[in-house]
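Subject: Structure handover

Hello,

Here is the structure we talked about. Please open it alongside this note; the findings follow below.

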Amino acid sequence: MAKQLYFECSSGISGDMTVGAMLDLGADRAVLMQALDSLPLSGYTIEIGRRAVSGIDACDFDVVLDAPLDNHDHDMAYLYGSDDDHHHHDHGHHHDHDHDHDHSHDHGDHDHHHGHVHRTLAEVKQILAGGTMTDGARALAETIFDHLAAAEAKAHGSDIDHVHFHEVGAVDSIVDITAAAVCFDNLKTQLGFTDVVIPFINEGVGHVRCAHGRMPVPVPAVVNLAEAHGLPLRLAGLQGERITPTGAAIAAAVMTTKTLPQPFTILKTGVGAGKRAYTDAANLLRLFLIEPEGGARPFDSASDAQHVVQLEANLDDCTGEILGRIVTKLISAGALDATVTPVVMKKNRPGAVLTVLCRQTDQAALEALIFAETTTIGIRSFPVARSVLPRTIETVDTPWGPAKVKVTTRSGKRRGVPEFDTVDQLAQAAGVPFPDVYAAVLSAWQAQS
């Protein structure tokens, strides 16, 4: 049965809530801290601990900025108060709740440009390039920043290559997004989920004060992200900003479906604490590792069509060895399928078309792999839908050992196909012809079915 990661966003979503929930779900803290330590970035301290939110125990991920970089993010009176009352409040990075932090890590040795918090997207990507993390984590972080940069640029009437703006340039946003990408990549490897389900994200109403003045909620960057990526917003009548631009950009980068399977089994839960204290809702994000009952993995309530991404690249100067190698590497990296088709290209040159099916969350990493491992200079991508049958893997006993059989179901009828690798391994180990082992495995499955 395919596992899914379900984002339960009844209190909205932010970067620090997401990282806290992922750590609580089991993301490797050592891997995260190694990645953050490697970034050429300073002016902050990381604190990771536990805190009760409305009586619910949650993981608290906190980016504590040095005084020259600090802002009003956690000062509720400043965020939502009147224009003439902000001077009555301490502008430091303080919380009016108790912390039980079990990890504190200072980042003060990498650079000394504490006053330079407005960075371009290119500068942010240079910081990411200087960090130590997997290709998948770096690709996801860059995708999140691309989404956020496009939304902020549209909000301010600029373009992503030239705009300087606080949300992408601020140290806390860089740390939050990097941490979210590293934790997500680590969890995907550990837990093996295939899709990310976000049925809705609750948002508040009213206005919020930011670097550009008082803005309506949802703020323009969140609106632009929701429009560009189909985020399922729901105005829940709550006061204040519940979806931050960073949180919305993370959701846009990882969401693959809005349809929550019914019924499902919860395998594991992670809870991340938000910083702002509200009286109308518990400010936390919950992540559930779930498994649909019956093994089906619906993307659409009306059908079993799965929405995936198809990548294509034309290759006229790759050897057969390179083509065979990239197919193997793509499948190992998470591609749903990868094929090579011989074609005649321009100037009557023989060539090949590399075609890859993948989930949206894997697209950036697989594109990076194709560029690195082949000679292509361009990749086409477009969404496609595929209809799939529910499938399971069953094991049968044979005279040479256990063998796996892939079983599909259609209209109540089951069909079994012996797994090639299993049959091949048994045949080679026993010195028996492949067709004999294949027939024996199929016969054993039919007998027990």
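Where is Thr 244 found? Thr 244 sits in the loop between β9 (233-239) and α9. Helices (H or I, at least four residues) and strands (E, at least two) are DSSP runs, numbered from the N terminus.

Some ground rules before the rest. This is a predicted model, where local features need pLDDT of at least 70, side-chain atom pairs count only at pLDDT 80 or more, and totals for chains, interfaces and linings use all residues. Residues are numbered from 1 along each chain as its sequence is written, and side-chain values use heavy atoms, with hydrogens and water left out.

Overall picture

The protein has 13 helices and 18 strands. Of its 449 residues, 50% are buried. Buried means under 20% relative accessible area, exposed over 50%, and partly exposed in between (1.4 Å probe, protein chains only). The protein exposes about 20300 Å². Carbon and sulfur atoms supply 51% of that area. Accessible areas come from the Shrake-Rupley method with a 1.4 Å probe; for residues, only the protein chains shown count as cover. Among contacts with a separation of 6 or more, 70% join residues 24 or more positions apart. Contact means heavy atoms within 4.5 Å.

Cores

The largest nonpolar core has 74 residues. A nonpolar core is a set of buried Ala, Val, Leu, Ile, Met, Phe, Trp, Tyr and Cys residues joined through side-chain atoms within 4.5 Å. Phe 7, Leu 32 and Phe 61 have the most contacts inside the largest core. Helix α7 (residues 171-191) gives the largest share of this core, twelve residues. Apart from it lies another core, of 19 residues, including Ile 326, Leu 354, Val 356 and Ile 379.

Phe 7 deserves a look. Leaving out residues up to four places away in sequence, Phe 7 touches, among others, Ile 13, Met 22, Val 254 and Leu 285.

Around α9

Back to Thr 244. Thr 244 counts as buried because its relative accessibility is 15%. Beyond its neighbours within four places in sequence, Thr 244 is in contact with Ile 13, Ser 14, Gly 15 and Val 222.

Helix α9 (residues 245-254) is mostly covered: ten of its ten residues are buried. Its axis and that of helix α5 (residues 135-156) come within 9 Å and cross at roughly 125 degrees. That angle makes α5 oblique to α9. Axes are lines fitted to C-alpha atoms, for helices over the stretch in contact, and angles run from 0 to 180 degrees between N-to-C directions. Angles under 35 degrees count as roughly parallel, over 145 as roughly antiparallel, 65 to 115 as roughly perpendicular and the rest as oblique. On the α5 side, the residues that meet α9 include Leu 140, Ile 144 and His 147. On the α9 side, Pro 245, Ala 249 and Ala 253 are among them.

Lys 188 lies in helix α7. Lys 188 is buried, with a relative accessible area of 18%. Lys 188 touches Phe 193, Thr 361 and Asp 362, not counting residues up to four places away in sequence. Gln 4 is 184 residues from Lys 188 along the chain, yet their C-alpha atoms are separated by 9.9 Å.

Glu 367 is placed in helix α11 (residues 363-373). Glu 367 counts as buried, at 18% relative accessibility.

Best wishes
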